[in-house]
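Open the model in your viewer and keep the selection panel at hand.

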Amino acid sequence: MNTPTATTAKPPRIIRQLPAHLVNQIAAGEVIERPASVVKELLENSIDAGSTRIELSLEGGGVELIRISDDGCGMTAEQLPLAVTSHATSKLPDDESLFHVGTLGFRGEALASIASVSQMTIRSRAEGEEGGCQIDIRGGVIETPGPCGCPVGTVIEVRNLFFNTPVRRKFLKTPQTERGHIVEAFTRLALANPKVHFVLRNGDKEMFDLLPTTRWADRIESFFGTEISEALIPIENQDETVQITGYACDPSVSRGNNRMQYLFLNGRHIRDRALQHALGEAYRGMLMVGRHPVCFLRMRMPADMIDVNVHPAKLEVRFTDSGRVYSRLLQTLRQRFLSTDMTHRVGSNPVPAPMSEEEQRQTVPESVMGMRPNEVDQQRQSVIEWARTGGPPSGSSATSNTQMLGGASGTPDFRPFGESNSIGQGSQSATGMTGQSAPLASPNTWSPGSAADVDSPRPSTAAEGIAMTPWDGDNSGSSNANDSGTAGSSHDAAQAAGVPTPSVSHLGFQVHQRYLVTQDEKGMVVIDQHALHERVLYERVCQKVLHEDASLEAQQLLVPEPVSLTPAERAAALEVKDTLSRIGLEIEDFGGETILIQSYPAMLPNKPPADMLRTVLESVMGAGRDPNPKDLLNHLLSTVACKAAVKAGDPLTPEEITSLLEQKDLYQETHHCPHGRPTALFFSRDELDRMFGRLGPRGRASVSP
Ligand code: ADP
Ligand code: MG
């Protein structure tokens, strides 16, 4: 059927064997993603070489220079050219050994890959050799092998990473970010090898000098400080095959993500979804929803129980019996928690925010007080319950458990629309919600989202506002006699004058502490209180920050609060420092892993500043790769709005309900919260009538389309 023509002819393609340098560049794409991958591979080699001291120096985030020197076994002049050839390794002496790998490396690819995308120099001297040998490789081409003087061990310098693969280079982030990734890689390897002396230098600044130690907690402390080291709960469990040792952390030092779960398997750092899940299960009932435990666990098992050859960068492993490993980890932790006096620990733990009560009182608005002790108290109760029954607190559904641990609903002085909100709506709501009256915004005066709406006080007198009887025809309950008395006539008058009737009655009530039920002239509206409040706040902060180019109000801390972060968090924080200050969160680099919080968004008074910073950073890191500053700002504003908004489960006073419903008028267009969930469900009277079997053909005709 298909007659070949000149245009559709398909001559056979030419298949060619790729030259070695191209093969290596392709392989490098899998193994070497960024400077941190180089650091990981080189550190692993130094550890495999039996080094007791390893020094790492960086310039320009590792892109300009990575230099690693070790005192390991070194290489001879004959070995050097082979070491930089692909698929050449000393770690698989026979073919069988792939199935019980005992070293970190085994693929024989790293040096060849790195050498193919950088300018690399290796100087090495093996034990018993007269002198050392040097080899230079530029973009995979070996330039000048020759003798050199050097001590036993190896020094590798990698310069100008990706100089010959510009596309890869373009994908690199700022030196600060790349350095953050390097520090994370360094952290993992230094944690896994506490008996090795590690030094990390960035430019001329020494970042870490980690003396060898047999106490793992010392090494952990030198990375994460006393906040973590004082919360370590030792874990130890061993059967014939699997050994688990290390530390699980007290629930008080939980995190909003699982990046602080350091798992090591046979000396190798791994990430494993199933094991992370097991950790989450072990802490069930002890952590607030959305929080993740912090752990440092070392597992040992026979090499033939795992396959390490499933990931190019060896980040993941496969277990021959993953179910067994999962349940071993879970059981080990559970048993440990049951035999530990967790109640005491939770109650008396070092509070993460290193501010004294007095300082907190001075810096944080009144409504916050009582929050933390209360929260701790609830957490303690839940742990007592958990420890007794091994399950969540009895009689509490998953939801009520969430609420209880969530804290916000238990805040005694909860004032969702009070003065503490920084952007001006506090006073506005206050004037609008006196007594039980239901002031209405007239659509003619209040157009959605304009600057005037946001900042000028809204009219609130009954005469101006009320145009319609709340709960048409049924004035029982909370509706005010005044309102209902005048309502009918003003409604008629308004219609006669051609004034469109306002869309929402601001009387509503709360059901199940999460929804508000109200009406407009066409039917019934059920509103998600959190989603609406979030939307309202989001519009306001966007107006202020994006359109008026102002910053959110900042609450200054009398004493700047130090927070220790993971290297990646810290790098992210410093990179977006300016954007953070636009939302009122001012930070300073303090050196090491510490950052000082100088002020925080005044809209978020009932979160300890350190937690708040971490929440914001999670949001920053979740914003995707390299967002432009405006997108990031927008993203952060939606985070602030979400965190500042009332939550499902927050009881609202009638005034607060009215105030929230009033604000809906300002943002009629916005039917969705910033996350895209609906803020309100609408049931037209037509629909209700139909559902109740009231709507005849004539009834239908009377309803406008
Ligand atoms: P692999 O680590 O998978 O064997 P690499 O390409 O990383 O592959 O290294 C190739 C070989 O070079 C290693 O097997 C090892 O023999 C040698 N080598 C690399 N780095 C060092 C070092 N720092 N000290 C001693 N030998 C090294
Ligand atoms: Mg290697």
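**Stop one: a strand and its partners**

Select strand S12 and strand S13 (residues 268-270): 3 bridges join them, and they run antiparallel. Strands here are DSSP runs (E, at least two residues) and helices are DSSP runs too (H or I, at least four), numbered from the N terminus. Two strands count as paired if DSSP finds at least two bridges between them.

Before going on, a word on the model. It is predicted: local features need pLDDT of at least 70, side-chain atom pairs count only at pLDDT 80 or more, and totals for chains, interfaces and linings use all residues. Residues are numbered from 1 along each chain as its sequence is written, chains are lettered from A and ligands numbered from 1 in the order in which they are written, and side-chain values use heavy atoms, leaving out hydrogens and water.

Now zoom in on the turn. S12 and S13 form a hairpin with 2 residues between them. Click asparagine 266 in that turn: its phi is positive, about 45 degrees.

S12 pairs with S14 in the parallel sense, over 5 bridges. Pick phenylalanine 264. Its bridge partner in S13 is histidine 269, and in S14 it stands opposite arginine 298.

Which way do the side chains of S12 point? Gln261, Leu263 and Leu265 point one way, Tyr262 and Phe264 the other. In a regular strand, side chains alternate between the two faces of the sheet. S12 (residues 261-265) is mostly covered, with 5 of its 5 residues buried. Buried means under 20% relative accessible area, exposed over 50%, and partly exposed in between (1.4 Å probe, protein chains only).

**Stop two: the whole chain**

Zoom out. The chain has 25 helices and 23 strands. Of its 705 residues, 49% count as buried.

**Stop three: ligand 1**

Select ligand 1 and its surroundings. 20 residues surround it, and among the closest are Asn45, Thr89 and Lys91; each shell residue has a heavy atom within 4 Å of the ligand.

Now look for polar contacts, pairs of N or O atoms within 3.5 Å; within protein, one must be able to donate a hydrogen and the other to accept it, and residues adjacent in sequence count only if both atoms are side-chain atoms. A polar side-chain atom of aspartate 70 lies 2.9 Å from a nitrogen atom of ligand 1. A polar backbone atom of glycine 108 is 2.7 Å from an oxygen atom of the ligand.

Finish with helix H2 (35-48) and helix H4 (110-116): these are the elements that give two or more residues to the shell around ligand 1.
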